[in-house]
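Reader: I am new to this structure. Please take one part and look at it closely with me.

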Amino acid sequence: MSGIATNAPSPSQVAARARRLKLVKTVGIYLLIAVVLVIMLFPFYWMILTSLRSQVDNVSRVPVWVFTPTLENYQNVIARNNFLTFTWNSFVVAALSTGIGLVLGLPAAYSIARFKQDGLALAILIARLTPYITYLVPWYLAFRALGLIDTYLALTLTHLIVGMPLIVWIMISFFEGVPQDLEEAAFVDGATRIGAFMRVILPLSTPGIVAASILAFIFSWNQFLFSLVLSGPNTRPVPVAVFNFISYGQIDFGGLGAAAVLITLPVVILTLIIQRWIVTGLTMGAVKG
Amino acid sequence: MKTANSWIDRHARLLFPLPAILAIVVLIVAPVVTNFVLSLYDYFVGGRAFFVGLENYQRAATDPRVWNGIKNTFYFTFTAVPLQLLVGIGIAVLFNRDFPGKGLARTIILLPMVATPVAIALIWALMFNPSLGVLNYFLETLGLERSLWVAQSSLAIPSLVLVDTWQWSPMIALILLAAMQGVPTEHYEAARIDGASGWQSFWHITIPGIRSAIVVALILRAVDALKTFDIIYVITEGGPGTASETLNVLAFKTGFQFFHAGYAATLLIFLMFLVLGIAVLLNAVRRRTT
């Protein structure tokens with residue numbers, strides 16, 4: 001293309017066409033982005049609509065899009081279905097398993113980072129890859145024999161299987177980023193290994209610890225399989241309680257929607273706080289946020 | 001005190017990870033070993049255990065329900081993962097530019113993967129409902145035929161694949177987006193100067209540049225898809241009949257509905273080797289590509 005042809009469009013025409021083409025392309029891309037976002041959000045939107053509609057509107061053959069919102073479903077779920085008790089159960093187990101996960105996981109992650117213990121890191125990764133249900137049959141039998149089904153202990157221990165590997169893997173990459181000089185300076189000042197870890201390393205790693213804790217908390221909060229088998233009337237966490245909703249005869253759509261909103265809301269709030277870390281956590285550190 | 005501390009300091013590389021190692025042995029290694037032992041017994045929960053050697057394994061090898069479970073597991077995994085890889089690449093390409101509200105958009109696509117799976121599964125179950133569900137309303141509005149979705153055997157797994165793709169394509173997108181930011185912009189400029197089209201620079205610069213991230217995303221997703229439990233159990237419980245019963249769901253039912261602990265352990269050992277085997281295989285592929 002040498003551009004010598006006599007009837008070639010003038011440079012300004014070329015530029016105008018290029019601009020128009022670019023505009024069309026940009027609009028198309030924005031439109032596609034909008035479509036992606038609408039699809040990603042729609043189930044959540046539908047969840048909220050369902051929770052705010054009366055039962056009559058919810059079982060209408062043609063979806064009711066415009067209606068007077070009612071909080072009746074929320075009142076029902078909270079008052080009639082002990083929702084607050086289930087929430088408390090979820091909270092206790094998530095907090096306990098995250099706390100214990102930190103106590104066990106932080107020193108291990110530090111050791112793996114500092115002493116290059118790749119074998120141990122791999123072992124923890126394998127624990128994450130193995131299907132959780134593999135651990136469940138033996139644990140069920142053990143807890144049954146010990147009379148520990150439907151206790152916080154059984155739930156906390158099994159949720160630890162989910163949370164601890166997560167904490168270790170996030171913290172390895174965090175501890176690797178803490179300069180070794182700082183630690184050595186502490187040793188020169190007479191600090192012990194534990195002292196340096198507690199007073200130098202951990203304070204410098206606070207953002208990582210917060211992110212790891214929140215992720216471990218979310219994973220425990222979301223955990224379904226272990227809780228389904230090992231919980232009972234005294235310890236039932238929200239996901240199992242919500243699941244039981246559909247097993248009891250007639251389906252209360254609005255109640256289901258309200259319960260789904262209530263269970264998801266804390267997770268969404270926590271996600272907003274640590275969104276930079278979500279992918280790192282979900283990929284066990286394979287991808288840095 | 002001082003001697004105690006120096007003893008700790010000398011053995012720090014063992015003492016620091018020790019509590020976690022003990023926890024792993026008790027919580028994770030012990031149950032796996034127990035499964036091997038259990039798999040040699042005919043044992044129902046609460047009953048007596050009879051040593052049967054490898055009989056459970058022989059039985060599993062000829063059990064049509066096990067083969068159905070394997071088939072469904074593969075069907076689900078090897079439809080869902082390639083599909084979400086394609087969608088994920090698409091989203092990553094779309095998002096790999098500056099646009100107003102980019103931060104908000106990235107937050108929005110995080111939601112499907114962090115929201116409580118049981119809640120998500122319940123909402124999708126409502127949307128799938130053949131008579132009242134909103135998905136059929138959309139189909140009708142578009143002039144298409146209503147579908148039975150998960151209520152029809154042949155559509156149960158494809159419907160679950162849809163949910164899984166909605167849930168996990170964003171993760172692949174975000175992994176690839178991070179990798180795309182690592183591709184040097186000079187390469188794109190050089191390609192543009194050489195007159196390459198957008199499509200050509202995508203194929204010859206972007207894809208090779210993010211190849212290892214693609215494989216990492218594939219490994220992570222394949223491993224998790226093979227053991228998907230929550231959405232399948234909540235939406236279909238493996239049904240209709242056994243149409244969407246994966247190995248994972250079958251093992252769960254065997255253990256906790258039929259209480260056949262010995263046989264469940266046998267299935268779980270198989271599932272464990274399947275998942276870890278595929279992880280090792282894909283990891284070998286990853287090493288060859290990098």
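How far apart do the C-alpha centres of domain 1 of chain A and domain 2 of chain A lie?

Author: This is a predicted model. The C-alpha centres of domain 1 of chain A and domain 2 of chain A lie 37 Å apart. The domain assignment places domain 1 at residues 11-52 of chain A. Domain 2 covers residues 72-282.

The two domains do touch. Domain 1 of chain A brings four residues to the contact, and domain 2 of chain A brings eight. Look at the side of domain 1 that faces this contact. Two of its residues are nonpolar and two are polar. None is charged.

Now step back to the whole chain. Chain A has 14 helices and zero strands. The C-alpha trace spans about 90 × 70 × 30 Å along its principal axes.

Burial and contacts come next. Of the 289 residues of chain A, 45% count as buried. Take the contacts in chain A between residues at least 6 apart in sequence. Among these, 78% join residues at least 24 apart.

A:Arg114 lies in helix H4 of chain A, which runs over residues 83-115. Is A:Arg114 buried or exposed? A:Arg114 is buried, because 20 other C-beta atoms lie within 10 Å. The cut-off for a buried residue is 20 or more. A second residue, A:Phe243, sits 129 residues from A:Arg114 along the chain. The C-alpha atoms of A:Arg114 and A:Phe243 are separated by 44 Å.

Chain A also meets a partner. Its contact with chain B takes 76 residues from chain A and 71 residues from chain B. On the chain B side, helix H3 of chain B, residues 18-38, supplies the largest share, with 11 residues. What kinds of residue make up the side of chain B that touches chain A? That side divides into 60 nonpolar, seven polar and four charged residues.

Definitions and conventions:
Residues are numbered from 1 along each chain as its sequence is written. Chains are lettered from A and ligands numbered from 1 in the order in which they are written. This is a predicted model: local features need pLDDT of at least 70, side-chain atom pairs count only at pLDDT 80 or more; totals for chains, interfaces and linings use all residues. Helices (H or I, at least four residues) and strands (E, at least two) are DSSP runs, numbered from the N terminus. A residue is buried if 20 or more other C-beta atoms lie within 10 Å of its own, exposed if 12 or fewer, and partly exposed in between; C-beta atoms are placed from the backbone. Two residues are in contact if their C-beta atoms, placed from the backbone, lie within 7 Å. Domain bounds come from an automatic or database domain assignment. Ala, Val, Leu, Ile, Met, Phe, Trp, Tyr, Cys and Pro count as nonpolar, Asp, Glu, Lys and Arg as charged, and the others, Gly among them, as polar.
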